[in-house]
Amino acid sequence: MLGVELASLVERASTEISAASDLETLAEVERTFVGKKGELVALKKTLGGLEPEERKAAGQALNEAMGQVAGQVNERRSVLAASAEAAQLAGERLDLTEVMSDMQRGHAHLVTQARDRLEDVFVGMGFTVAEGPEVESAWYNFEALNIPEWHPARGSFDTIFVELGEPEQVMLRSHTSPVQIRTMETEKPPIYIVAPGRTFRTDTADATHLPAFNQIEGLVVDRGVGLGDLAGTIESFVGAFFGHEVKTRLRPSYFPFTEPSAEFDISTPDGGWLELGGCGVVHPNVLANCGIDPEEFQGFAFGFGIDRLAVMRYQLDDIRELVNNDVRFLRQF
Ligand code: FA5
């Protein structure tokens, strides 16, 4: 009789244990069956009326049943505890990507974009990128470039001097051409470099001038290169940067470090021309100043304004827009 009752009780207990979906329900089931006032304990109390032999066997069976139910409860408890912990962790997780997606991403300034693109175009043409310091000595900024102290061209660079050492011997570089000298001093031809960087002059800011602006210098030194290669290089670069509908032209000009020298312009959509920079065949004195034999090697060089190029490419009315730092303006590009 007791055996049948026990078996059905254990079965009921096991069904309820598996059905318990959280720890609280499970504790309730535990109390119902194996708690102090639970059904199995109640059954134990009925043993008193049995014969000693029967009581012993029934007691054993009851204990086994209690052990079985308690074991099942423990097993279920560890499963439920693990999933409760997982649920808690999931609830406390901080989704940082959600916070990030609410923020606005910035982008490079349009002069930086123009500079990066210029570098890409020239690297694609086989040039490497060189650089030099923004504070220069008179030797690199002028003398080695064939502009001695007495030379009138020195005045045309509107140089900002730094009060250091001898007067007018240390300056903020007024062009990127000193990088030509630094490169030729340390590298042997063939040389194919471009050198973008900041340059400074006492120019007053207006629609086409800034006192601190950016130039990119180009220098090629090799055997048998000349004016034709220079014109071809400028044309390829302008085509790659602006598109092939933009035309270039060279106008005779004068720079002490190139001979012959030219200024080069690009065509504007309104049918005009915009001066972009200077260029020419490297003067033999400049090669000789850097220990390169002008009989063996020739070269060409060019230097133009990156800010002016950005003005042209993005069709701006005024170069000062580039330094006003108005985010409403900058965000458009
Ligand atoms: C030079 O600086 C020469 N070093 C260029 C050169 C290099 C010639 C190699 C021959 C061989 P220039 O002073 O013309 O040349 O300046 C070159 C370009 O820099 C100008 O055409 C213009 O695009 C830009 N530029 C000059 N001054 C300013 C300024 N104040 N603001 C913005 N851009 C400027």
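## Leucine 118 and the cores

Two residues are in contact when heavy atoms of each lie within 4.5 Å. By that rule, and setting aside residues up to four places away in sequence, Leu118 touches Ile216, Phe237, Phe241, Phe304, Ile306 and Leu309. The model you are looking at is a predicted one, so please read every contact described here as computed from that prediction.

Leu118 belongs to the largest nonpolar core, which holds 39 residues. Along with Phe122, Phe237, Phe242, Phe302, Phe304 and Leu309, Leu118 touches the most other members of this core. Several elements give two or more residues to the core: helix 6 (110-124), strand 6 (212-222), helix 9 (227-242), strand 8 (258-267), strand 9 (273-282), strand 10 (298-305), helix 11 (306-313) and helix 12 (327-330). Apart from this core lies another one, made of 27 residues, and among them are Ile147, Met171, Val286 and Ala301.

## Helix 11, an enclosed element

Let us take a closer look at one contributor to the core. Why is helix 11 described as largely enclosed by the rest of the structure? Of its 8 residues, 6 are buried, and therefore the helix counts as largely enclosed. The buried residues of helix 11 are Ile306, Asp307, Leu309, Ala310, Val311 and Met312. After helix 11 comes Gln315, with a positive phi near 55°.

## The largest pocket

The largest pocket contains about 650 Å³ of space. Its lining is made up of 35 residues, and those closest to the pocket centre are Arg201, Gln215, Phe255, Glu275 and Gly278. Elements that give two or more residues to the lining are strand 6, strand 7 (248-255), strand 8, strand 9, strand 10 and helix 11.

Which element gives the largest share of this lining? That is strand 9, with 6 residues.

## Two buried polar residues

Gln180 is found in helix 8, which covers residues 178-186. Its relative accessibility is 1%, and because buried means under 20%, Gln180 counts as buried. The side chain of Gln180 makes a polar contact of 2.7 Å with the side chain of Glu217. Leaving out residues up to four places away in sequence, Gln180 touches Leu145, Glu217, Leu219 and Ala301. Ala301 is also one of the residues in the core of 27.

His151 sits in the loop between helix 7 (138-141) and strand 3 (160-161). With a relative accessible area of 13%, His151 is buried. A polar contact of 3.1 Å links the side chain of His151 to that of Tyr254. Beyond its neighbours within four places in sequence, His151 is in contact with Asn146, Tyr254 and Pro256.

Stepping back to the whole chain, the protein is divided into domain 1 (2-99) and domain 2 (110-330). The centres of domain 1 and domain 2, taken over C-alpha atoms, are separated by 86 Å.

Helix 4, spanning residues 52-92, includes Asn74. Is Asn74 buried, exposed or partly exposed? At 45% relative accessibility, Asn74 counts as partly exposed. How many residues apart in sequence are Asn74 and Glu30? They are 44 residues apart in sequence, while in space their C-alpha atoms are 9.6 Å apart.

Methods
Residues are numbered from 1 along each chain as its sequence is written. This is a predicted model: local features need pLDDT of at least 70, side-chain atom pairs count only at pLDDT 80 or more; totals for chains, interfaces and linings use all residues. Side-chain values use heavy atoms; hydrogens and water are left out. A nonpolar core is a set of buried Ala, Val, Leu, Ile, Met, Phe, Trp, Tyr and Cys residues joined through side-chain atoms within 4.5 Å. Buried means under 20% relative accessible area, exposed over 50%, partly exposed in between (1.4 Å probe, protein chains only). Helices (H or I, at least four residues) and strands (E, at least two) are DSSP runs, numbered from the N terminus. A polar contact is a pair of N or O atoms within 3.5 Å; within protein, one must be able to donate a hydrogen and the other to accept it, and residues adjacent in sequence count only if both atoms are side-chain atoms. Domain bounds come from an automatic or database domain assignment. On a 1 Å grid over the protein atoms alone, a cavity is a set of points where a 1.4 Å probe fits but cannot get out, and a pocket is an open set with protein on both sides within 12 Å along at least five of seven lines; lining residues have an atom within 4 Å of a point. Grid points are joined across faces, edges and corners, and a volume is the space filled by probe spheres set on the points.
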